[in-house]
Amino acid sequence: MTESEKYKFKTIDEAKDDLIKNRHTFTDPWVKYGPLRVLNHGNGIMKIGDSTRFFEPVWIRMGHKGKITIYPKTFFQRECELIAEEEIVVEEEVRVSWNVLIMDTDIHGIGNNPKENSPVRIKKRAWIGSHARILKGVTIGEAAIIACNSVVTSDIPDYAVAAGIPAKVIKILEPFEGKHGGRFEGKWYNPDFVPIPHPNYYVQELGGVKFDWKEDWNEKREKQ
Ligand SMILES: CC(C)(COP(=O)(O)OP(=O)(O)OC[C@H]1O[C@@H](n2cnc3c(N)ncnc32)[C@H](O)[C@@H]1OP(=O)(O)O)[C@@H](O)C(=O)NCCC(=O)NCCS
């Protein structure tokens, strides 16, 4: 018997009907809450502090007892994903860049073992670089920086800069007040601030606010 006979492969043309009828599709009941796309598998609870900002979309998955707490004045860039089976806490003034994954679970067990979950905490003023992956059981210290594309598998101390796979401390910063950088942020956390869309994205409405596309983006930003 050939492999093809054994496994009954089909070309996509042959599988066309099955594909169209969604016989090869998984769908999950994602719910859109403004900038969030939320998948709650059970009694997950998410708490959001005042003035937290999400660039759309941010993906939130909560398991049966998953808890997510986002403190005030935190921001998440687009395409971040948080997956909580146990607990994820992101403290105040944390900045999370785009495409960052934070998960307190492996989602699957290894071999026949049950999956492992362990809480994650990102302490205040930390800065998580783009495409970083923060895995179960990790605490990231106050004002620590995680370099882009790092995979964080163990705790990172306060004021550390960590990079690589797995992330290792590459330097320790002098303690300082406030946030890293922070040029526009005072405005972002002002409850009256009207977000301005990036000109390359077509966003007609956000939170009921209509945008004027023809107005120059930078000029408008400067005025706010
Ligand atoms: C974290 C970061 C700001 C640190 O910058 P820095 O202090 O100038 O770091 P350096 O360039 O001095 O790098 C120090 C060492 O770490 C290494 N390193 C830096 N970033 C790294 C990364 N992402 N992965 C692996 N190694 C990295 C460097 O190669 C260097 O190694 P060496 O000493 O062997 O030469 C920067 O690495 C980074 O990740 N920038 C992107 C931030 C981001 O994602 N911004 C998105 C908008 S929020």
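Q: Why does arginine 125 count as buried?
A: A residue is buried if 20 or more other C-beta atoms, placed from the backbone, lie within 10 Å of its own, exposed if 12 or fewer, and partly exposed in between. Arginine 125 has 25 C-beta neighbours inside 10 Å, and therefore counts as buried. The structure is a predicted model, in which local features need pLDDT of at least 70 and side-chain atom pairs count only at pLDDT 80 or more, while totals for chains, interfaces and linings use all residues. Residues are numbered from 1 along each chain as its sequence is written.

Q: What is the phi of arginine 125, and where is arginine 125 found?
A: Phi of arginine 125 is near 70°, a positive value in a residue other than glycine. Arginine 125 is found in the loop between β12 and β13 (127-128). Helices (H or I, at least four residues) and strands (E, at least two) are DSSP runs, numbered from the N terminus. Most residues other than glycine have a negative phi, and most peptide bonds are trans.

Q: Is asparagine 22 buried or exposed?
A: Asparagine 22 has 9 other C-beta atoms within 10 Å, so the residue is exposed. Its phi is near 65°, again a positive value in a residue other than glycine. Asparagine 22 lies in the loop between α2 (16-20) and β1 (31-33).

Q: Which peptide bonds are cis?
A: Among them is the bond from glutamate 56 to proline 57, with omega near -10°. Proline 57 is placed in the loop between β4 (53-54) and β5 (58-62). A cis peptide bond also joins isoleucine 165 and proline 166, where omega is about -10°. Proline 166 occupies the loop between β18 (160-163) and β19 (168-172).

Q: Why is alanine 163 called partly exposed?
A: Alanine 163 has 18 other C-beta atoms within 10 Å, and therefore is partly exposed. This alanine 163 is found in strand β18.

Q: Which residues does alanine 163 contact, leaving aside its neighbours within four places in sequence?
A: Two residues are in contact if their C-beta atoms, placed from the backbone, lie within 7 Å. On that basis alanine 163 is in contact with Ala147, Ser150, Lys168 and Ile170. The C-alpha atoms of alanine 163 and serine 150 are separated by 5.4 Å, although the two residues are 13 apart along the chain.

Q: What makes a residue one of those around the ligand, and which residues are they?
A: The criterion is a C-beta atom, placed from the backbone, within 6 Å of the molecule. The residues around the ligand are Ser97, Gly129, Ser130, Ile145, Ala147, Cys148, Asn149, Ser150, Val161, Ala163, Gly164 and Ile170.

Q: How many residues of each class does the shell around the ligand have?
A: Ala, Val, Leu, Ile, Met, Phe, Trp, Tyr, Cys and Pro count as nonpolar, Asp, Glu, Lys and Arg as charged, and the others, Gly among them, as polar. The shell has six nonpolar, six polar and no charged residues.

Q: What makes β3 and β15 edge strands of their sheet?
A: Two strands pair if DSSP finds at least two bridges between them. Five strands form an open sheet in the order β3-β6-β9-β12-β15, with parallel pairing. Within it, β3 (45-48) and β15 (139-140) each have a single partner strand, so one side of each is left without a neighbour in the sheet.

Q: Which residues have the most contacts inside the largest nonpolar core?
A: A nonpolar core is a set of buried Ala, Val, Leu, Ile, Met, Phe, Trp, Tyr and Cys residues joined through C-beta atoms within 7 Å. The largest has 38 residues, and those with the most contacts inside it are Ile140, Ala144, Ile146 and Val152.
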